[in-house]
Amino acid sequence: MKFTEQLNAVAIDGPAGSGKSTISKLVAEKLGFTYIDTGAMYRALTLKVMEEKIDFSNEEKIINLSKNIDIKLLPARDGINTIKVLLDGKDVSEKIRAADVTRNVKYTAKLKGVRENLVALQRLMAEKLSGVVMEGRDITTVVLPTAKYKIYLDASFEERVKRRLLEFEKKGEILPVEELEKDLEERDNSDFTRDVGPLKKAEGAIVIDTTNLSISDVVTRITDYVKKKL
Ligand code: CDP
């Protein structure tokens, strides 16, 4: 693909709890595109660092690990709207969502070398597909700046905390609100302020504040926008 060509891709960025994953999966289904969750890749790398007992201050080792990492994202047909994440051939879909992984992602995601390696992988994935919905923090700005459709999803801090609370409740886990607030605040801080690939609104992206919108409202807005631009 030439760099100047537009990619048949819906690129979606936004902070934690803005609804990216839920919305992206549904949009992908509606459009018949493949869904790619780039956060799952940073999470899988973080899990590997933890499993290999590498210290998070050992940047060189972590960057090396990200160079040859074997991550596969597969559609999980057993549960609609989910994807299966394979790390070195093993299913780590659940493990990568654990609280300790979530807490540690910031140490790997801030490293320039890590981002270069994972971004290269993500571009390869997208370019092989005839239609893709890719979501993360730097998709519209760094990974796929040539995507035809760019979206920034937002929601108020209070609403994002509420959504996280419900997510955990659904899994049967009760977490103190203060803990969730602290986690979101810390992740926002590292996502918005890191030197490489920080979260920001890309030029030309449509911004959707999802605070008072239902999931289906947001999905319809995005699919309408794509159809209009086709
Ligand atoms: O779903 P949630 O918002 O909790 O997070 P995620 O999308 O699974 O991403 C996990 C972490 O990976 C985020 O807190 C980001 O710091 C990082 N990430 C990133 O740096 N770049 C991306 N393209 C995607 C995620």
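The protein chain has an accessible surface of about 12,100 Å², and 51% of that area belongs to carbon and sulfur atoms. The model is a predicted one.

**Overall build**

- The protein chain has a radius of gyration of 17 Å, which agrees with the value near 17 Å for a compact globule of 230 residues.
- Along the principal axes, the C-alpha atoms of the protein chain fill a box of roughly 50 × 45 × 35 Å.
- Of the 230 residues in the protein chain, 47% count as buried.
- Among contacts in the protein chain with a separation of 6 or more, 74% are between residues 24 or more positions apart.

**Ligand surroundings**

**Polar atoms at the ligand**

- In the side chain of D191, an N or O atom is 2.5 Å from an oxygen atom of the ligand.
- R187 has a polar side-chain atom 2.8 Å from an oxygen atom of the ligand.
- T38 places a polar side-chain atom 3.0 Å from a nitrogen atom of the ligand.
- The ligand taken alone exposes 530 Å², and the protein buries 97% of that area.

**Residues with positive phi**

- Most residues other than glycine have a negative phi.
- K53, a residue other than glycine, has a positive phi near 55°.
- K53 sits in the loop between α2 and α3 (59–67).
- The relative accessibility of K53 is 75%, over the 50% cut-off, so K53 counts as exposed.
- D88 is not a glycine either, and its phi is positive at about 50°.
- The loop between β4 (82–87) and β5 (90–91) holds D88.
- D88 has a relative accessible area of 39%, which lies between the 20% and 50% cut-offs, so D88 is partly exposed.

Conventions:
Residues numbered from 1 in each chain as written. Predicted model: local features only at pLDDT ≥ 70, side-chain atom pairs only at ≥ 80, totals over all residues. Heavy atoms only, no water. Polar contact = N/O pair within 3.5 Å; in protein donor to acceptor, adjacent residues only side chain to side chain. Areas by Shrake-Rupley, 256 points an atom, 1.4 Å probe, with all protein chains shown as cover. Helix = DSSP H or I, 4+ residues; strand = E, 2+ residues; numbered from the N terminus. Buried < 20%, exposed > 50% of the residue type's maximum accessible area, 1.4 Å probe, protein only. Rg over C-alpha atoms; globule rule 2.2 N^0.38 Å. Contact = heavy atoms within 4.5 Å.
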